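Here is a friendly walk through one structure, with a look at a helix pair and at a cluster of annotated positions. Have the viewer ready and follow along.

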Amino acid sequence: MSRIKTDICIIGAGSGGLSVAAGAAQMGADVVLLEGHKMGGDCLNYGCVPSKSLIAAGKRAHAMAHTGDLGIAPVDPDVDFAAAKDHVDRVIATIAPVDSQERFESLGVKVIRAFGTFISPTEVQAGDTVIEARRFVVASGSSPLVPPIDGIDGVTVHTNETIFDLRERPEHLIIIGGGPIGMEMAQAHVRLGCKVTVIEGSTPLNKDDPDLTAVVLAQLKSEGIEILEQAEAERISGEGDRITVHTAKGDVTGSHLLMAVGRRVNVGDLALDKANVKWSKQGVEVGRDLRSVSNRRVYAVGDAAGGLQFTHVAGYHAGVVIRSILFGLPSKQRTDHIPWVTYTDPELAQVGLTEAQARETHGDKLEVVRFHYDENDRAIAEGKTTGFIKVMVVRGKPVGASIVGAMAGELIGMWAMAIANEMKMSAIANTVLPYPTVSEINKRAAGAYFSPRLFESSLVKRVVGFVQRVIP
Ligand SMILES: Cc1cc2nc3c(=O)[nH]c(=O)nc-3n(C[C@H](O)[C@H](O)[C@H](O)COP(=O)(O)OP(=O)(O)OC[C@H]3O[C@@H](n4cnc5c(N)ncnc54)[C@H](O)[C@@H]3O)c2cc1C
Ligand SMILES: NC(=O)c1ccc[n+]([C@@H]2O[C@H](COP(=O)([O-])OP(=O)(O)OC[C@H]3O[C@@H](n4cnc5c(N)ncnc54)[C@H](O)[C@@H]3O)[C@@H](O)[C@H]2O)c1
(Lines give C-alpha, C1' and ligand atoms only; values in the text may rest on other atoms or scores of the structure.)
(Ligands and ions follow the chains in the order given, each with its own letter.)
Protein backbone atom coordinates (compact mmCIF):
# COMPACT_ATOMS: atom_id res chain seq x y z
CA MET A 1 0.00 0.00 0.00
CA SER A 2 1.45 3.39 -0.97
CA ARG A 3 0.57 6.70 0.71
CA ILE A 4 0.15 10.17 -0.76
CA LYS A 5 -0.32 13.44 1.11
CA THR A 6 -2.01 16.19 -0.85
CA ASP A 7 -3.92 19.47 -0.55
CA ILE A 8 -7.07 18.33 -2.35
CA CYS A 9 -8.36 14.87 -3.22
CA ILE A 10 -11.23 14.86 -5.71
CA ILE A 11 -13.42 11.78 -6.04
CA GLY A 12 -14.80 11.56 -9.58
CA ALA A 13 -13.58 12.98 -12.90
CA GLY A 14 -16.90 14.14 -14.36
CA SER A 15 -17.99 17.72 -15.04
CA GLY A 16 -17.66 18.78 -11.40
CA GLY A 17 -14.46 16.96 -10.41
CA LEU A 18 -12.60 17.97 -13.57
CA SER A 19 -13.53 21.63 -13.13
CA VAL A 20 -12.26 21.63 -9.54
CA ALA A 21 -9.07 19.80 -10.57
CA ALA A 22 -8.28 22.10 -13.49
CA GLY A 23 -8.87 25.28 -11.52
CA ALA A 24 -7.11 24.18 -8.33
CA ALA A 25 -4.04 22.71 -10.06
CA GLN A 26 -3.57 25.74 -12.32
CA MET A 27 -3.70 28.00 -9.27
CA GLY A 28 -0.94 26.05 -7.53
CA ALA A 29 -2.66 23.47 -5.32
CA ASP A 30 -1.47 19.90 -5.03
CA VAL A 31 -4.34 17.83 -6.47
CA VAL A 32 -5.13 14.11 -6.62
CA LEU A 33 -8.03 13.12 -8.87
CA LEU A 34 -9.67 9.70 -8.59
CA GLU A 35 -11.73 8.18 -11.40
CA GLY A 36 -12.96 4.61 -11.23
CA HIS A 37 -14.54 4.52 -14.69
CA LYS A 38 -14.34 6.86 -17.70
CA MET A 39 -12.69 10.27 -17.61
CA GLY A 40 -15.33 12.90 -18.38
CA GLY A 41 -18.08 11.15 -16.44
CA ASP A 42 -21.69 11.10 -17.50
CA CYS A 43 -21.87 14.29 -19.53
CA LEU A 44 -19.18 13.31 -22.01
CA ASN A 45 -19.78 9.59 -22.20
CA TYR A 46 -23.46 8.90 -21.52
CA GLY A 47 -25.23 12.24 -21.13
CA CYS A 48 -25.16 15.71 -22.62
CA VAL A 49 -22.67 15.05 -25.41
CA PRO A 50 -24.10 11.86 -26.94
CA SER A 51 -27.68 13.01 -26.44
CA LYS A 52 -27.13 16.35 -28.15
CA SER A 53 -25.25 14.61 -30.98
CA LEU A 54 -28.09 12.17 -31.60
CA ILE A 55 -30.59 15.03 -31.37
CA ALA A 56 -28.57 16.86 -34.04
CA ALA A 57 -28.80 13.84 -36.37
CA GLY A 58 -32.55 13.63 -35.80
CA LYS A 59 -32.96 17.35 -36.37
CA ARG A 60 -31.17 17.13 -39.74
CA ALA A 61 -33.38 14.24 -40.83
CA HIS A 62 -36.49 16.13 -39.74
CA ALA A 63 -35.41 19.28 -41.59
CA MET A 64 -35.01 17.29 -44.83
CA ALA A 65 -38.55 16.00 -44.57
CA HIS A 66 -40.08 19.28 -43.36
CA THR A 67 -38.80 22.07 -45.54
CA GLY A 68 -41.84 24.28 -44.93
CA ASP A 69 -42.93 26.91 -47.42
CA LEU A 70 -39.40 27.94 -48.32
CA GLY A 71 -39.53 26.65 -51.89
CA ILE A 72 -37.48 23.51 -51.28
CA ALA A 73 -39.10 20.15 -51.96
CA PRO A 74 -39.03 17.86 -48.93
CA VAL A 75 -37.33 14.47 -49.23
CA ASP A 76 -37.75 11.27 -47.31
CA PRO A 77 -34.36 11.06 -45.53
CA ASP A 78 -32.44 7.82 -45.87
CA VAL A 79 -31.41 7.36 -42.24
CA ASP A 80 -28.48 5.05 -41.52
CA PHE A 81 -29.04 4.54 -37.79
CA ALA A 82 -25.60 3.00 -37.20
CA ALA A 83 -23.94 5.88 -39.05
CA ALA A 84 -25.81 8.35 -36.82
CA LYS A 85 -24.24 6.49 -33.90
CA ASP A 86 -20.85 6.87 -35.58
CA HIS A 87 -21.48 10.61 -35.51
CA VAL A 88 -22.21 10.35 -31.77
CA ASP A 89 -18.96 8.43 -31.23
CA ARG A 90 -16.95 10.94 -33.27
CA VAL A 91 -18.30 13.86 -31.26
CA ILE A 92 -17.35 12.13 -27.99
CA ALA A 93 -13.90 11.32 -29.37
CA THR A 94 -13.38 14.92 -30.48
CA ILE A 95 -14.23 16.34 -27.08
CA ALA A 96 -12.59 13.56 -24.99
CA PRO A 97 -8.99 14.95 -25.05
CA VAL A 98 -10.16 17.98 -23.04
CA ASP A 99 -11.23 15.62 -20.22
CA SER A 100 -8.40 13.12 -20.62
CA GLN A 101 -5.96 11.79 -18.06
CA GLU A 102 -3.09 13.11 -20.22
CA ARG A 103 -4.44 16.65 -20.21
CA PHE A 104 -4.94 16.65 -16.46
CA GLU A 105 -1.50 15.19 -15.84
CA SER A 106 -0.09 17.95 -18.03
CA LEU A 107 -1.80 20.44 -15.71
CA GLY A 108 0.04 18.82 -12.79
CA VAL A 109 -2.84 16.73 -11.41
CA LYS A 110 -2.05 13.25 -10.07
CA VAL A 111 -4.73 11.06 -11.66
CA ILE A 112 -5.48 7.66 -10.13
CA ARG A 113 -7.77 5.41 -12.14
CA ALA A 114 -9.56 3.62 -9.30
CA PHE A 115 -12.70 3.99 -7.20
CA GLY A 116 -12.09 5.76 -3.93
CA THR A 117 -13.66 5.03 -0.55
CA PHE A 118 -13.16 6.85 2.72
CA ILE A 119 -11.27 4.94 5.38
CA SER A 120 -11.19 7.79 7.93
CA PRO A 121 -12.20 11.48 8.15
CA THR A 122 -8.88 12.42 6.54
CA GLU A 123 -8.10 9.47 4.26
CA VAL A 124 -9.45 7.86 1.10
CA GLN A 125 -8.24 4.58 -0.36
CA ALA A 126 -8.17 4.08 -4.13
CA GLY A 127 -6.78 0.75 -5.31
CA ASP A 128 -3.58 0.21 -3.37
CA THR A 129 -3.04 3.89 -2.59
CA VAL A 130 -4.12 5.75 0.53
CA ILE A 131 -4.58 9.47 -0.01
CA GLU A 132 -4.43 11.77 2.98
CA ALA A 133 -5.77 15.21 2.08
CA ARG A 134 -6.41 18.54 3.73
CA ARG A 135 -9.67 18.78 1.75
CA PHE A 136 -11.82 16.25 -0.13
CA VAL A 137 -14.27 17.01 -2.91
CA VAL A 138 -16.94 14.37 -3.54
CA ALA A 139 -17.79 14.66 -7.24
CA SER A 140 -19.06 11.13 -7.76
CA GLY A 141 -22.13 12.08 -9.82
CA SER A 142 -25.18 9.93 -10.40
CA SER A 143 -26.31 6.82 -12.25
CA PRO A 144 -29.55 5.88 -13.97
CA LEU A 145 -32.27 4.81 -11.58
CA VAL A 146 -33.74 1.46 -12.55
CA PRO A 147 -36.71 0.86 -10.24
CA PRO A 148 -37.62 -2.68 -9.23
CA ILE A 149 -40.74 -2.84 -11.42
CA ASP A 150 -42.30 -6.30 -11.39
CA GLY A 151 -40.89 -8.35 -14.31
CA ILE A 152 -38.04 -5.99 -15.12
CA ASP A 153 -35.38 -8.70 -14.78
CA GLY A 154 -36.93 -10.70 -17.60
CA VAL A 155 -36.26 -8.13 -20.36
CA THR A 156 -33.38 -6.06 -21.72
CA VAL A 157 -33.56 -2.61 -20.16
CA HIS A 158 -31.60 0.22 -21.74
CA THR A 159 -30.52 3.30 -19.83
CA ASN A 160 -28.54 6.35 -20.90
CA GLU A 161 -25.44 4.19 -20.32
CA THR A 162 -26.32 1.71 -23.09
CA ILE A 163 -28.77 3.38 -25.48
CA PHE A 164 -26.07 5.26 -27.39
CA ASP A 165 -24.25 2.00 -28.14
CA LEU A 166 -27.31 0.48 -29.80
CA ARG A 167 -26.50 0.30 -33.50
CA GLU A 168 -29.63 -1.39 -34.83
CA ARG A 169 -32.63 0.91 -35.15
CA PRO A 170 -35.30 0.07 -32.56
CA GLU A 171 -38.51 -0.66 -34.41
CA HIS A 172 -40.59 0.53 -31.46
CA LEU A 173 -38.85 2.19 -28.54
CA ILE A 174 -40.81 2.35 -25.29
CA ILE A 175 -39.49 5.00 -22.91
CA ILE A 176 -40.52 4.90 -19.28
CA GLY A 177 -40.26 8.45 -17.89
CA GLY A 178 -41.24 11.69 -19.59
CA GLY A 179 -38.60 13.97 -18.07
CA PRO A 180 -35.84 15.67 -20.07
CA ILE A 181 -34.01 12.40 -20.84
CA GLY A 182 -37.20 10.68 -21.95
CA MET A 183 -38.45 13.53 -24.14
CA GLU A 184 -35.10 14.39 -25.73
CA MET A 185 -34.52 10.74 -26.59
CA ALA A 186 -38.12 10.28 -27.79
CA GLN A 187 -37.79 13.05 -30.37
CA ALA A 188 -34.30 12.02 -31.52
CA HIS A 189 -35.49 8.44 -32.08
CA VAL A 190 -38.79 9.26 -33.80
CA ARG A 191 -36.90 11.54 -36.19
CA LEU A 192 -34.45 8.75 -36.96
CA GLY A 193 -37.30 6.46 -37.98
CA CYS A 194 -38.35 4.62 -34.80
CA LYS A 195 -41.86 4.34 -33.48
CA VAL A 196 -41.77 5.80 -29.95
CA THR A 197 -44.10 5.55 -26.96
CA VAL A 198 -43.43 7.47 -23.75
CA ILE A 199 -45.00 6.17 -20.55
CA GLU A 200 -45.10 8.89 -17.89
CA GLY A 201 -46.32 8.30 -14.34
CA SER A 202 -47.45 11.88 -13.79
CA THR A 203 -47.12 14.80 -16.23
CA PRO A 204 -44.33 15.02 -18.83
CA LEU A 205 -41.63 17.68 -18.33
CA ASN A 206 -43.25 18.58 -15.03
CA LYS A 207 -40.38 20.74 -13.75
CA ASP A 208 -41.20 23.39 -16.35
CA ASP A 209 -44.09 25.81 -16.86
CA PRO A 210 -47.08 23.87 -18.27
CA ASP A 211 -47.94 26.72 -20.69
CA LEU A 212 -44.58 26.13 -22.34
CA THR A 213 -44.41 22.36 -22.11
CA ALA A 214 -47.79 22.25 -23.89
CA VAL A 215 -46.07 23.70 -26.97
CA VAL A 216 -43.32 21.08 -26.86
CA LEU A 217 -45.72 18.22 -26.24
CA ALA A 218 -47.96 19.28 -29.13
CA GLN A 219 -44.93 19.18 -31.44
CA LEU A 220 -43.77 15.80 -30.13
CA LYS A 221 -47.23 14.33 -30.64
CA SER A 222 -47.47 15.84 -34.13
CA GLU A 223 -44.26 13.97 -34.99
CA GLY A 224 -45.94 10.69 -34.05
CA ILE A 225 -44.70 10.16 -30.49
CA GLU A 226 -47.35 8.50 -28.40
CA ILE A 227 -47.37 9.86 -24.84
CA LEU A 228 -49.27 8.10 -22.06
CA GLU A 229 -49.70 10.48 -19.13
CA GLN A 230 -50.58 9.56 -15.53
CA ALA A 231 -49.60 6.02 -16.51
CA GLU A 232 -47.10 4.56 -14.08
CA ALA A 233 -45.27 1.50 -15.36
CA GLU A 234 -46.57 -1.19 -13.00
CA ARG A 235 -45.31 -4.41 -14.57
CA ILE A 236 -43.12 -5.47 -17.47
CA SER A 237 -43.37 -8.72 -19.38
CA GLY A 238 -42.11 -10.30 -22.58
CA GLU A 239 -38.93 -11.59 -24.00
CA GLY A 240 -36.59 -10.93 -26.91
CA ASP A 241 -37.84 -8.06 -29.02
CA ARG A 242 -41.42 -8.11 -27.70
CA ILE A 243 -41.53 -6.16 -24.48
CA THR A 244 -44.81 -5.16 -22.87
CA VAL A 245 -45.14 -2.46 -20.25
CA HIS A 246 -48.34 -2.71 -18.26
CA THR A 247 -49.97 0.47 -16.92
CA ALA A 248 -53.38 1.40 -15.54
CA LYS A 249 -53.92 3.30 -18.80
CA GLY A 250 -53.31 0.17 -20.89
CA ASP A 251 -50.42 -1.98 -22.09
CA VAL A 252 -47.78 -1.00 -24.61
CA THR A 253 -45.74 -3.54 -26.57
CA GLY A 254 -42.54 -2.54 -28.29
CA SER A 255 -39.16 -3.86 -29.39
CA HIS A 256 -36.83 -1.92 -27.02
CA LEU A 257 -37.14 -0.34 -23.60
CA LEU A 258 -35.38 2.78 -22.29
CA MET A 259 -35.62 3.58 -18.60
CA ALA A 260 -35.51 7.34 -17.93
CA VAL A 261 -37.15 7.78 -14.53
CA GLY A 262 -34.50 9.88 -12.82
CA ARG A 263 -31.11 9.42 -11.21
CA ARG A 264 -29.56 7.61 -8.26
CA VAL A 265 -26.80 9.70 -6.68
CA ASN A 266 -23.48 7.83 -6.35
CA VAL A 267 -22.94 8.18 -2.62
CA GLY A 268 -23.76 4.76 -1.22
CA ASP A 269 -20.38 3.18 -2.06
CA LEU A 270 -18.09 5.89 -0.69
CA ALA A 271 -18.09 4.68 2.95
CA LEU A 272 -19.00 8.25 3.93
CA ASP A 273 -19.87 7.10 7.44
CA LYS A 274 -16.19 6.31 8.05
CA ALA A 275 -15.44 9.96 7.32
CA ASN A 276 -18.26 11.19 9.56
CA VAL A 277 -19.99 12.66 6.49
CA LYS A 278 -23.79 12.76 6.69
CA TRP A 279 -25.59 11.74 3.52
CA SER A 280 -28.94 10.62 2.20
CA LYS A 281 -30.29 9.16 -1.03
CA GLN A 282 -30.31 12.74 -2.40
CA GLY A 283 -26.55 13.16 -1.89
CA VAL A 284 -24.00 14.46 0.58
CA GLU A 285 -25.64 16.72 3.15
CA VAL A 286 -24.06 20.11 2.50
CA GLY A 287 -24.81 23.71 3.35
CA ARG A 288 -24.91 26.54 0.84
CA ASP A 289 -21.11 26.54 1.09
CA LEU A 290 -21.16 22.99 -0.39
CA ARG A 291 -19.28 21.69 2.70
CA SER A 292 -20.43 18.61 4.54
CA VAL A 293 -22.50 19.62 7.55
CA SER A 294 -20.63 17.06 9.67
CA ASN A 295 -17.03 17.05 8.35
CA ARG A 296 -15.76 20.48 7.26
CA ARG A 297 -12.85 18.94 5.32
CA VAL A 298 -15.28 17.42 2.84
CA TYR A 299 -17.08 19.28 0.04
CA ALA A 300 -19.53 17.97 -2.57
CA VAL A 301 -20.14 19.27 -6.09
CA GLY A 302 -22.39 18.43 -9.04
CA ASP A 303 -25.00 15.70 -8.84
CA ALA A 304 -23.45 14.39 -5.59
CA ALA A 305 -24.35 17.66 -3.85
CA GLY A 306 -28.03 16.75 -4.03
CA GLY A 307 -29.46 19.71 -5.96
CA LEU A 308 -30.02 20.52 -9.61
CA GLN A 309 -28.39 17.93 -11.88
CA PHE A 310 -26.75 19.81 -14.73
CA THR A 311 -23.24 20.06 -16.10
CA HIS A 312 -23.19 23.84 -15.79
CA VAL A 313 -24.26 23.51 -12.14
CA ALA A 314 -21.34 21.13 -11.50
CA GLY A 315 -19.04 23.71 -13.11
CA TYR A 316 -20.55 26.51 -11.01
CA HIS A 317 -20.12 24.43 -7.85
CA ALA A 318 -16.46 23.99 -8.74
CA GLY A 319 -15.98 27.76 -8.66
CA VAL A 320 -17.69 27.98 -5.27
CA VAL A 321 -15.47 25.33 -3.65
CA ILE A 322 -12.25 26.55 -5.29
CA ARG A 323 -12.81 30.00 -3.78
CA SER A 324 -13.29 28.42 -0.37
CA ILE A 325 -10.49 25.81 -0.48
CA LEU A 326 -7.81 27.79 -2.25
CA PHE A 327 -8.34 31.24 -0.80
CA GLY A 328 -10.15 30.45 2.43
CA LEU A 329 -12.84 32.96 1.42
CA PRO A 330 -16.47 32.62 2.41
CA SER A 331 -18.25 31.19 -0.59
CA LYS A 332 -21.87 30.15 -0.99
CA GLN A 333 -23.89 28.84 -3.87
CA ARG A 334 -27.02 30.53 -5.21
CA THR A 335 -29.68 28.69 -7.12
CA ASP A 336 -31.97 31.54 -8.17
CA HIS A 337 -29.93 32.32 -11.28
CA ILE A 338 -29.35 28.79 -12.64
CA PRO A 339 -30.76 28.24 -16.13
CA TRP A 340 -31.66 24.95 -17.74
CA VAL A 341 -32.65 23.88 -21.21
CA THR A 342 -34.40 20.83 -22.55
CA TYR A 343 -33.11 20.28 -26.07
CA THR A 344 -36.32 19.20 -27.70
CA ASP A 345 -37.36 21.03 -30.87
CA PRO A 346 -38.73 23.56 -29.97
CA GLU A 347 -36.32 24.05 -27.08
CA LEU A 348 -37.58 24.69 -23.58
CA ALA A 349 -35.55 27.04 -21.37
CA GLN A 350 -35.96 28.33 -17.85
CA VAL A 351 -34.07 30.54 -15.43
CA GLY A 352 -35.20 31.69 -12.00
CA LEU A 353 -38.84 31.40 -11.01
CA THR A 354 -41.61 30.03 -13.20
CA GLU A 355 -44.82 32.08 -13.32
CA ALA A 356 -46.49 29.84 -10.70
CA GLN A 357 -43.48 30.03 -8.37
CA ALA A 358 -43.18 33.79 -8.81
CA ARG A 359 -46.90 34.23 -8.12
CA GLU A 360 -46.55 32.22 -4.92
CA THR A 361 -43.46 34.13 -3.80
CA HIS A 362 -44.33 37.67 -4.87
CA GLY A 363 -48.16 37.72 -5.08
CA ASP A 364 -49.54 41.01 -6.44
CA LYS A 365 -46.10 42.51 -6.93
CA LEU A 366 -45.55 40.18 -9.87
CA GLU A 367 -45.93 41.39 -13.45
CA VAL A 368 -45.61 38.90 -16.30
CA VAL A 369 -44.66 40.11 -19.77
CA ARG A 370 -44.82 38.00 -22.92
CA PHE A 371 -43.65 38.17 -26.49
CA HIS A 372 -44.33 35.70 -29.28
CA TYR A 373 -41.94 34.34 -31.90
CA ASP A 374 -44.45 35.05 -34.67
CA GLU A 375 -43.84 38.79 -34.14
CA ASN A 376 -40.05 38.44 -34.55
CA ASP A 377 -38.88 39.21 -38.09
CA ARG A 378 -35.99 36.73 -38.10
CA ALA A 379 -38.20 33.91 -36.82
CA ILE A 380 -40.70 34.74 -39.57
CA ALA A 381 -37.94 34.68 -42.21
CA GLU A 382 -36.70 31.32 -40.93
CA GLY A 383 -40.22 29.87 -40.73
CA LYS A 384 -39.73 29.20 -36.99
CA THR A 385 -42.62 31.12 -35.53
CA THR A 386 -43.74 28.65 -32.87
CA GLY A 387 -43.01 29.74 -29.33
CA PHE A 388 -42.99 32.57 -26.86
CA ILE A 389 -41.19 34.10 -23.91
CA LYS A 390 -42.59 34.95 -20.51
CA VAL A 391 -40.63 37.15 -18.13
CA MET A 392 -41.58 37.40 -14.48
CA VAL A 393 -40.83 40.91 -13.16
CA VAL A 394 -40.90 42.29 -9.64
CA ARG A 395 -40.24 45.99 -9.05
CA GLY A 396 -38.53 46.43 -12.39
CA LYS A 397 -36.24 43.40 -12.06
CA PRO A 398 -36.63 40.01 -13.73
CA VAL A 399 -37.00 37.15 -11.23
CA GLY A 400 -37.57 34.45 -13.84
CA ALA A 401 -37.78 33.86 -17.57
CA SER A 402 -39.31 30.96 -19.47
CA ILE A 403 -38.83 30.49 -23.21
CA VAL A 404 -40.13 27.89 -25.62
CA GLY A 405 -39.09 28.06 -29.25
CA ALA A 406 -36.16 27.90 -31.63
CA MET A 407 -32.84 28.66 -29.90
CA ALA A 408 -34.54 29.17 -26.54
CA GLY A 409 -31.36 27.79 -24.96
CA GLU A 410 -29.35 30.62 -26.49
CA LEU A 411 -31.91 33.30 -25.63
CA ILE A 412 -32.11 32.35 -21.96
CA GLY A 413 -28.47 33.40 -21.46
CA MET A 414 -29.38 37.09 -21.43
CA TRP A 415 -31.91 36.54 -18.64
CA ALA A 416 -29.47 34.33 -16.72
CA MET A 417 -27.00 37.23 -16.85
CA ALA A 418 -29.66 39.74 -15.81
CA ILE A 419 -30.81 37.67 -12.83
CA ALA A 420 -27.26 36.70 -11.76
CA ASN A 421 -26.27 40.35 -11.71
CA GLU A 422 -29.57 41.72 -10.39
CA MET A 423 -29.97 43.86 -13.47
CA LYS A 424 -33.18 45.75 -14.21
CA MET A 425 -35.48 45.30 -17.17
CA SER A 426 -34.13 48.64 -18.41
CA ALA A 427 -30.71 46.99 -18.92
CA ILE A 428 -32.25 44.65 -21.50
CA ALA A 429 -34.46 47.36 -23.02
CA ASN A 430 -31.49 49.75 -23.35
CA THR A 431 -29.34 47.19 -25.16
CA VAL A 432 -29.18 47.65 -28.92
CA LEU A 433 -29.39 44.26 -30.61
CA PRO A 434 -28.63 43.56 -34.25
CA TYR A 435 -31.62 43.36 -36.59
CA PRO A 436 -32.93 40.85 -37.57
CA THR A 437 -32.01 38.39 -34.83
CA VAL A 438 -34.07 36.03 -32.73
CA SER A 439 -32.46 37.61 -29.65
CA GLU A 440 -34.61 40.69 -30.27
CA ILE A 441 -37.37 38.61 -28.67
CA ASN A 442 -35.64 39.32 -25.35
CA LYS A 443 -35.57 43.05 -25.98
CA ARG A 444 -39.19 43.07 -27.12
CA ALA A 445 -40.20 41.26 -23.92
CA ALA A 446 -38.43 43.99 -21.95
CA GLY A 447 -40.18 46.52 -24.19
CA ALA A 448 -43.51 44.92 -23.34
CA TYR A 449 -42.78 45.76 -19.71
CA PHE A 450 -42.21 49.46 -20.45
CA SER A 451 -44.81 49.96 -23.21
CA PRO A 452 -47.87 50.35 -20.97
CA ARG A 453 -45.88 52.65 -18.67
CA LEU A 454 -44.97 54.88 -21.61
CA PHE A 455 -47.84 54.54 -24.05
CA GLU A 456 -50.79 54.15 -21.70
CA SER A 457 -49.80 56.68 -19.09
CA SER A 458 -51.82 59.89 -18.85
CA LEU A 459 -48.93 61.46 -16.91
CA VAL A 460 -46.51 60.81 -19.79
CA LYS A 461 -49.08 62.22 -22.23
CA ARG A 462 -49.55 65.36 -20.10
CA VAL A 463 -45.77 65.90 -19.80
CA VAL A 464 -45.28 65.46 -23.54
CA GLY A 465 -48.18 67.84 -24.27
CA PHE A 466 -46.73 70.43 -21.88
CA VAL A 467 -43.21 70.17 -23.34
CA GLN A 468 -44.60 70.57 -26.87
CA ARG A 469 -46.42 73.72 -25.87
CA VAL A 470 -43.62 75.45 -23.95
CA ILE A 471 -40.50 74.57 -25.98
CA PRO A 472 -40.33 76.67 -29.14
C1 LIG B 1 -28.88 11.47 -20.96
C2 LIG B 1 -28.44 12.67 -20.18
C3 LIG B 1 -28.41 13.90 -20.82
C4 LIG B 1 -28.00 15.02 -20.12
N5 LIG B 1 -27.99 16.22 -20.77
C6 LIG B 1 -27.58 17.34 -20.10
C7 LIG B 1 -27.50 18.58 -20.78
O8 LIG B 1 -27.81 18.69 -21.96
N9 LIG B 1 -27.07 19.66 -20.09
C10 LIG B 1 -26.72 19.58 -18.77
O11 LIG B 1 -26.32 20.59 -18.18
N12 LIG B 1 -26.77 18.39 -18.10
C13 LIG B 1 -27.19 17.28 -18.74
N14 LIG B 1 -27.21 16.08 -18.09
C15 LIG B 1 -26.80 16.03 -16.66
C16 LIG B 1 -25.27 15.99 -16.54
O17 LIG B 1 -24.76 14.93 -17.32
C18 LIG B 1 -24.87 15.80 -15.08
O19 LIG B 1 -25.52 16.76 -14.28
C20 LIG B 1 -23.37 15.97 -14.93
O21 LIG B 1 -22.69 14.99 -15.66
C22 LIG B 1 -22.98 15.88 -13.45
O23 LIG B 1 -21.59 15.97 -13.32
P24 LIG B 1 -20.87 15.34 -12.05
O25 LIG B 1 -19.44 15.74 -12.17
O26 LIG B 1 -21.61 15.69 -10.84
O27 LIG B 1 -21.03 13.76 -12.21
P28 LIG B 1 -20.67 12.73 -13.35
O29 LIG B 1 -20.55 13.37 -14.67
O30 LIG B 1 -21.64 11.64 -13.18
O31 LIG B 1 -19.21 12.24 -12.95
C32 LIG B 1 -18.97 11.51 -11.80
C33 LIG B 1 -17.74 10.65 -12.01
O34 LIG B 1 -17.35 10.11 -10.77
C35 LIG B 1 -16.91 8.78 -10.97
N36 LIG B 1 -17.00 8.12 -9.66
C37 LIG B 1 -18.13 7.78 -8.98
N38 LIG B 1 -17.81 7.24 -7.80
C39 LIG B 1 -16.45 7.24 -7.72
C40 LIG B 1 -15.53 6.81 -6.73
N41 LIG B 1 -15.93 6.29 -5.58
N42 LIG B 1 -14.22 6.92 -7.01
C43 LIG B 1 -13.78 7.44 -8.19
N44 LIG B 1 -14.61 7.87 -9.14
C45 LIG B 1 -15.93 7.78 -8.91
C46 LIG B 1 -17.84 8.24 -12.02
O47 LIG B 1 -17.27 7.13 -12.68
C48 LIG B 1 -17.98 9.46 -12.93
O49 LIG B 1 -17.03 9.45 -13.95
C50 LIG B 1 -27.61 14.92 -18.76
C51 LIG B 1 -27.62 13.68 -18.12
C52 LIG B 1 -28.03 12.57 -18.82
C53 LIG B 1 -28.03 11.25 -18.13
N1 LIG C 1 -31.12 19.07 -21.27
C2 LIG C 1 -30.68 18.82 -20.05
O3 LIG C 1 -30.10 19.65 -19.38
C4 LIG C 1 -30.87 17.45 -19.48
C5 LIG C 1 -31.21 16.39 -20.31
C6 LIG C 1 -31.39 15.14 -19.74
C7 LIG C 1 -31.20 14.99 -18.37
N8 LIG C 1 -30.86 16.04 -17.60
C9 LIG C 1 -30.68 15.89 -16.13
O10 LIG C 1 -30.85 14.54 -15.76
C11 LIG C 1 -31.88 14.45 -14.77
C12 LIG C 1 -32.60 13.15 -14.91
O13 LIG C 1 -33.46 13.15 -16.04
P14 LIG C 1 -34.69 12.16 -16.13
O15 LIG C 1 -35.47 12.57 -17.31
O16 LIG C 1 -34.24 10.76 -16.01
O17 LIG C 1 -35.43 12.38 -14.75
P18 LIG C 1 -36.64 13.26 -14.21
O19 LIG C 1 -36.72 12.96 -12.77
O20 LIG C 1 -36.53 14.67 -14.61
O21 LIG C 1 -37.93 12.64 -14.96
C22 LIG C 1 -38.32 11.31 -14.75
C23 LIG C 1 -39.79 11.14 -15.05
O24 LIG C 1 -40.10 9.76 -14.90
C25 LIG C 1 -41.39 9.64 -14.32
N26 LIG C 1 -41.50 8.32 -13.67
C27 LIG C 1 -40.88 7.89 -12.55
N28 LIG C 1 -41.21 6.59 -12.29
C29 LIG C 1 -42.06 6.21 -13.27
C30 LIG C 1 -42.74 4.99 -13.56
N31 LIG C 1 -42.62 3.89 -12.81
N32 LIG C 1 -43.55 4.94 -14.65
C33 LIG C 1 -43.68 6.02 -15.45
N34 LIG C 1 -43.05 7.20 -15.21
C35 LIG C 1 -42.25 7.30 -14.15
C36 LIG C 1 -41.47 10.83 -13.36
O37 LIG C 1 -42.82 11.19 -13.11
C38 LIG C 1 -40.71 11.92 -14.13
O39 LIG C 1 -41.55 12.74 -14.90
C40 LIG C 1 -32.76 15.67 -15.04
O41 LIG C 1 -33.48 16.06 -13.91
C42 LIG C 1 -31.75 16.71 -15.44
O43 LIG C 1 -31.24 17.31 -14.28
C44 LIG C 1 -30.68 17.27 -18.14
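This is a predicted model: local features need pLDDT of at least 70, side-chain atom pairs count only at pLDDT 80 or more; totals for chains, interfaces and linings use all residues.

Helices (H or I, at least four residues) and strands (E, at least two) are DSSP runs, numbered from the N terminus. Residues are numbered from 1 along each chain as its sequence is written, while chains are lettered from A and ligands numbered from 1 in the order in which they are written.

**Annotated positions**

An unreviewed UniProt entry places the feature "binding site" at Gly-177, Gly-178, Gly-179, Pro-180, Ile-181, Gly-182, Met-183, Glu-184, Glu-200 and Gly-262. Although these positions spread over 86 residues of sequence, they cluster in space, with a largest C-alpha distance of 13.8 Å. UniProt positions are given in the numbering used here, feature names are shortened, and annotations may be inferred rather than shown by experiment.

Met-183 lies in helix α6, and Glu-200 lies in the loop between β9 (195-199) and α7 (210-222). The table uses C-beta atoms placed from the backbone: a residue is buried if 20 or more others lie within 10 Å of its own, exposed if 12 or fewer, and partly exposed in between.

| Residue | C-beta neighbours inside 10 Å | Class |
|---|---|---|
| Met-183 | 27 neighbours inside 10 Å | buried |
| Glu-200 | 26 neighbours inside 10 Å | buried |
| Pro-204 | 23 neighbours inside 10 Å | buried |

Two residues are in contact if their C-beta atoms, placed from the backbone, lie within 7 Å. Leaving aside residues up to four places away in sequence, Met-183 touches Gly-178, Pro-204, Leu-205, Leu-220, Thr-342 and Thr-344. With the neighbours within four places set aside, the partners of Glu-200 include Gly-177, Gly-178 and Ile-227, and those of Pro-204 include Gly-178, Met-183 and Ile-227.

**The helix pair**

The axes of helix α3 (residues 48-65) and helix α6 (residues 180-191) come within 8 Å and cross at roughly 40 degrees. Axes are lines fitted to C-alpha atoms, for helices over the stretch in contact, and angles run from 0 to 180 degrees between N-to-C directions. Among the residues that meet are Leu-54 and Ile-55 in α3, with Met-185 and Ala-188 among those in α6.
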